[in-house]
Amino acid sequence: MKKTSIFYFLLLQIVASQAFSQVADSYYLPQNITYDAKIPTPQKFLGYQVGEQHVTPYETLTYMKELARLSDRFKVETYAKTFENRELLLVTVTSPQNHARIDQIKAEHQKLVNPSQSGSLDLQKMPIVVWMGYSVHGNEASGTNSNLMSAYYLAAAQGAGIDSLLNETIILIDPTINADGGNRFATWVNINRSNNLVSDINSREFSETWPGGRSNHYWFDMNRDWLYQQMPESKGRLTKFYDWRPNILTDHHEMGSNSSFFFQPGIPSRTHPLTPKRNIDLTIKFGKYQAAGLDKIGSAYYTQENYDDFYYGKGSTLPDVNGSIGILFEQASSRGHLQETTNGLLSFPFTVKNQFTATLSTLRAGREMRVELLEHMRSFYKETSTDAVKSYVFGGGNDVVKTWEMVNMLKRNQIDVYRLSKDETQDGTSFSKESSFVVPMNQPQHRLIKSMFEKRTKFEDSLFYDISAWSLQYCMNVPTIEAKTVISLGSKVETNDFPKGKVYGKSPYAYFFEWNSYYAPRAAYELLKKGYNLKVAVEPLTAIVEGKEKTFDYGTIQIFSNGTDPSALLQTLAERDGIDFYATQTGLTPAGIDLGSEKFRKVRLPKVLMLGGTGVQSTDAGEIWHLLDTRINIPLTIADIETANRTSLEKYTHIVLAGGNYNNLSDEKIKRFVQGGGILVAMTDAVEWVSTKKIANITIKEKPNNDGNGEKRPYTQQERYTGALETAGTIFEAKIDPSHPLCFGYKQDKLALFKDNNIFMEDTKNPYNTPLIFTANPLLAGYVHPKNEKLIKNSPAVIALNVGAGRVIAMSENPNFRAFWYGTNKLFLNALFFGNLIGGGRFGGEE
């Protein structure tokens with residue numbers, strides 16, 4: 001480049017950066033109205049203009065509280081706190097007259113979902129409810145930042161137009177859905193911002209350090225947590241969602257910087273079949289308002305491409321199965337403050353302006369379509385189920401804790417759950433009225449119920465933006481049947497108390513507890529930490545408990561009292577963890593192994609290192625961190641790959657590799673760790689790395705292609721054919737060996753596994769080191785390409801190998817998926833507690 005060209009290029013960059021960082025309020029706000037002078041603009045309150053730098057969650061929170069202090073249009077309430085103790089606010093905006101009767105309005109609005117009451121409602125007189133949610137992904141910041149201008153407009157605008165809007169609308173603002181991730185991202189881009197804005201895509205400003213600000217504290221993608229609500233942020237938010245049942249919910253996101261602006265609907269063939277067609281028609285009608293608003297400011301946009309409305313666990317899709325209209329907005333991201341793109345310089349203020357424009361367009365559409373949207377919700381809930389399934393019955397099994405959480409998941413979605421009035425046997429499965437429940441389909445939420453339990457395997461489209469199956473009974477591994485006849489209902493579950501365990505008997509000698517309970521590993525870790533000697537039974541036994549014989553299965557834990565009385569501690573653990581403890585007075589058993597048998601193997605305290613950093617899938621790693629830290633109370637050391645490469649690994653019993661790319665990890669160091677007696681647990685993509693580096697004798701099958709065997713196809717169909725090969729979230733059936741240490745606690749011979757990858761392992765031909773093998777007809781729910789289904793049939797899901805003095809445990813699937821896949825958490829936890837027992841010697845590996 002010539003020197004003169006360089007000079008003019010730099011001059012252009014300086015002029016552009018200065019211009020983009022100095023926008024006025026008029027750049028955002030409508031100018032044909034007046035604004036209340038007593039309401040501070042964001043610039044006046046913050047000391048900088050919106051778009052000049054990235055607002056932090058705390059600044060957003062304090063501005064909303066200030067507006068509530070100054071404006072009788074605003075009320076704020078805290079609906080949850082994040083893991084990092086940040087407040088999450090719901091801001092209610094409407095006219096002062098509506099605020100004065102807000103409880104009455106809410107009660108009337110709730111009648112829309114009750115067919116026995118909704119017919120008497122006068123829709124002409126009812127306000128509409130609009131929920132506006134911003135930046136569930138913390139590094140998609142234009143949403144949250146635009147909300148400052150939206151809030152100011154709603155608080156300060158004057159005139160007949162705003163008065164009419166506020167009289168006819170209840171506006172619910174969720175200003176910063178992901179405060180922890182948002183704080184991480186705002187801090188990063190603000191500390192890397194230059195006074196003279198740098199737009200070079202190689203700038204550090206545009207490259208967050210791992211794990212980035214997209215996710216929450218435990219690195220969860222919270223836009224996938226709307227249905228089963230495992231995060232506190234989601235639980236609090238959905239409580240308010242169902243309190244209000246909004247008619248519209250907007251979900252403000254960002255996408256790649258080289259794009260423009262997207263609004264729904266997405267690709268029509270990728271809408272869930274349970275979503276009524278009129279929902280799509282209304283969404284298209286909304287799109288005309290979005291287009292008009294963006295046309296007015298000269299913005300480029302598109303619709304009915306790329307995105308879908310299939311998985312009901314997303315923020316823009318769950319409303320569709322609740323009688324609402326969910327609308328996704330995707331804005332091309334500046335990621336920082338100013339970035340070079342294929343469309344020219346993209347400034348942060350411009351991204352904010354587009355999101356603000358979409359907000360105003362939505363409010364205009366909502367007001368003008370008010371009666372139509374109210375009628376849509378009323379009609380939605382008047383439609384009764386015509387499904388052949390009359391109810392779903394679930395429960396029993398060997399773990400009351402998972403059944404308890406399954407009830408919670410349903411109730412969090414306002415689904416009525418009943419106890420059985422009597423014992424039932426359906427399809428050869430028996431259900432006790434003491435431990436089983438029934439969900440009838442003749443209730444308003446029947447579409448949502450169907451979506452949560454269905455086992456769909458046929459689809460109009462083979463491409464999915466997210467997962468294709470989420471059947472609740474498989475997630476939880478709880479026995480469930482579809483009842484085609486009416487089941488007699490017992491009492492409705494109003495409160496769902498945790499199923500506390502008990503301590504049976506008292507002994508100075510020993511106690512037992514079974515490994516069935518979801519929280520058994522938590523109790524075991526606490527006992528080990530307190531110095532108790534635990535051993536696990538690798539064969540069944542029968543013991544005398546309170547004068548009667550009781551049979552104990554594989555994986556039963558023996559606690560030696562060591563002359564102390566642990567009964568008080570065990571009572572605490574029983575109530576906290578839902579575990580029954582059984583006292584025994586003698587080491588001699590009536591049948592099976594005795595307490596001093598070598599077939600009782602010592603359980604050692606796991607000391608776990610998980611690798612993180614660049615290349616590692618942060619969501620997969622976060623699921624492990626969350627499981628161990630919040631549910632099992634095991635401290636987890638997380639070290640970046642670079643740190644592990646230069647650190648001694650000898651003090652750890654386990655190294656965990658979540659899904660991801662480990663090309664920068666020293667394979668020689670990992671080999672020495674395993675050869676020296678350590679346990680390596682590798683999942684999904686990490687198994688491929690273990691295979692490639694020959695850390696263990698594991699072979700990965702070659703992935704199929706979709707080249708058409710020489711058939712020529714239109715270029716435009718390339719994505720369709722290649723995308724169809726992706727396994728984007730499907731449920732498969734595997735045969736399980738309950739006697740294998742990795743399967744302790746399971747009493748069945750089949751287990752549902754969730755697969756969202758194309759990793760397929762070859763059989764080892766060893767009859768003992770593949771405790772889980774996919775069945776000959778493995779598909780249970782979801783989409784799979786026939787070529788992938790052929791590869792998965794009869795292939796190992798888990799391989800457990802002796803390598804030197806250590807062990808390698810390879811899992812082709814993620815057993816901790818999104819925290820709601822409770823049914824396979826035990827596989828991962830067993831690898832931590834019993835991994836040393838696999839292979840080697842007559843009774844398993846030595847210490």
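Which residues does L657 touch, not counting residues up to four places away in sequence? In this predicted model, L657 touches L611, Y662, L665, L680, V681, A682, M683, A686 and W689. L657 also belongs to the largest nonpolar core, a set of 174 residues. Within this core, the members that touch the most others are F513, L657, Y662, I698, L772, F828 and F833. Helix 25, spanning residues 825-834, supplies the largest share of the core, with seven residues. Another core, of 57 residues, lies apart from it and includes M132, A156, I173 and A365. In soluble globular proteins, nonpolar side chains tend to be buried together.

Helix 3 covers residues 57-70 and comprises 14 residues. From its first C-alpha to its last, helix 3 reaches 20 Å, close to the 20 Å expected at 1.5 Å a residue. The buried residues of helix 3 are P57, E59, T60, L61, Y63, M64, E66 and L67. These buried residues pack against helix 2 (42-46), helix 7 (142-156) and helix 9 (179-191), as well as against strand 1 (74-81) and strand 2 (87-93).

W244 is found in helix 10, which runs over residues 232-244. W244 counts as buried because its relative accessible area is 3%, where the cut-off for burial is under 20%. Leaving aside neighbours within four places in sequence, W244 is in contact with I102, I105, K106, H109, Q110, V129, I170 and L172. Between W244 and A831, the separation is 587 residues in sequence and 44 Å in space, taken from C-alpha to C-alpha.

Definitions and conventions:
Residues are numbered from 1 along each chain as its sequence is written. This is a predicted model: local features need pLDDT of at least 70, side-chain atom pairs count only at pLDDT 80 or more; totals for chains, interfaces and linings use all residues. Side-chain values use heavy atoms; hydrogens and water are left out. Helices (H or I, at least four residues) and strands (E, at least two) are DSSP runs, numbered from the N terminus. Buried means under 20% relative accessible area, exposed over 50%, partly exposed in between (1.4 Å probe, protein chains only). Contact means heavy atoms within 4.5 Å. A nonpolar core is a set of buried Ala, Val, Leu, Ile, Met, Phe, Trp, Tyr and Cys residues joined through side-chain atoms within 4.5 Å. The expected span of a helix is 1.5 Å times one less than its number of residues.
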